[in-house]
Amino acid sequence: MSIPPTYQRLTAEALEQHEQIHFYLDQIIVSLGQLTDDLDDAEPMRRLAAQLQGFRERLQEHHEAEEQGGLFLATLEVLPESRQELRRLRQQHHRMIEILEMARIHAQFGEPSEAPGLRQDLEHFLELMREHERAEEALLSKAVEREKQFPGI
């Protein structure tokens, strides 16, 4: 038997969105490289603020799709033992959006002298985001494998 088409579609869409998120993270890392210790112009920070705004909006849509679009619920049906992990991931979603908004505000209104601190904080945060996305991807992979082993769970 095969994976149900609905779950298969949800999983494929989520993994595609994860690829887009990793792309956004890569682009933000490039922008952070422009926030040097000797920055004397706020323009790179303002561009970063716009980038963070777009990313935050995209990430919020992604989180809604996971939480309300049925992916987390479908994963829970296939992996009932993942309840705590899914709860932890869901709680991280809200916090990620808040942190991105705070970073956007800092980049939008901060002074060039604040760039190194902002860069350092965001580099650390973006790595945590990558870890979060990897955890979701691992959970999805595990659910897909379980569904292949035990179709119709």
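Biologist: Which residues are buried in α4?
Modeller: L86, L89, H93, M96, I97, L100, A103, R104 and A107 of α4 are buried. Buried means under 20% relative accessible area, exposed means over 50%, and partly exposed is in between (1.4 Å probe, protein chains only).

Biologist: What sort of model is this, and how are residues numbered?
Modeller: The model is predicted, local features need pLDDT of at least 70, side-chain atom pairs count only at pLDDT 80 or more, and totals for chains, interfaces and linings use all residues. Residues are numbered from 1 along each chain as its sequence is written, and side-chain values use heavy atoms, with hydrogens and water left out.

Biologist: Back to α4. What do its buried residues pack against?
Modeller: They pack against α2, α3 (71-78) and α5 (115-149). Contact here means heavy atoms within 4.5 Å.

Biologist: Why do residues three or four places apart point the same way in an α-helix?
Modeller: Because an α-helix has 3.6 residues a turn.

Biologist: How many residues does α4 have, and how far does it reach?
Modeller: α4 has 27 residues and spans 40 Å from its first C-alpha to its last. That is close to the 39 Å expected at 1.5 Å a residue. The expected span is 1.5 Å times one less than the number of residues.

Biologist: Zoom out. How many helices and strands are in the chain?
Modeller: Five helices and zero strands. Along the sequence the pattern reads α-α-α-α-α. Helices (H or I, at least four residues) and strands (E, at least two) are DSSP runs, numbered from the N terminus.

Biologist: What box do the C-alpha atoms fill?
Modeller: Roughly 60 × 25 × 20 Å, taken along the principal axes. Of the 153 residues in the chain, 42% are buried. Among contacts between residues at least 6 apart in sequence, 82% join residues at least 24 apart.

Biologist: Now the pairs. At what angle do α2 and α4 cross?
Modeller: Helix α2 (residues 43-68) and helix α4 (residues 83-109) cross at roughly 165°. Their axes come within 8 Å. Axes are lines fitted to C-alpha atoms, for helices over the stretch in contact, and angles run from 0 to 180 degrees between N-to-C directions.

Biologist: Are α2 and α4 roughly parallel or roughly antiparallel?
Modeller: Roughly antiparallel. The cut-offs are under 35 degrees for roughly parallel, over 145 for roughly antiparallel, 65 to 115 for roughly perpendicular, and oblique for the rest.

Biologist: Is the crossing of α2 and α4 left-handed or right-handed?
Modeller: Left-handed. A crossing is left-handed if the near helix is turned anticlockwise from the far one by less than a right angle, and right-handed if clockwise. The contact of α2 with α4 has twelve nonpolar, six polar and seven charged residues. Ala, Val, Leu, Ile, Met, Phe, Trp, Tyr, Cys and Pro count as nonpolar, Asp, Glu, Lys and Arg as charged, and the others, Gly among them, as polar.

Biologist: Where do the axes of α4 and α5 stand?
Modeller: The α4 and α5 axes come within 11 Å and cross at roughly 155°. So α4 and α5 are roughly antiparallel to each other. Their crossing is left-handed. By class, this contact has 13 nonpolar, four polar and three charged residues.

Biologist: And α3? How many of its residues are buried?
Modeller: Six of the eight, so α3 is largely enclosed by the rest of the structure. The buried ones are L71, F72, A74, T75, L76 and V78.

Biologist: At what angle do α3 and α5 cross?
Modeller: Roughly 50°, and the axes come within 9 Å. Therefore α3 and α5 are oblique to each other. The crossing is left-handed. L71, F72, T75 and V78 of α3 meet E136, L139, L140, A143, R146 and E147 of α5.

Biologist: Is L140 buried or exposed?
Modeller: L140 is buried, with a relative accessible area of 4%. Leaving aside neighbours within four places in sequence, L140 is in contact with Y7, A14, L15, L71 and T75.

Biologist: Last one. Where is A12?
Modeller: In helix α1 (residues 5-32). A12 is partly exposed, at 45% relative accessibility.
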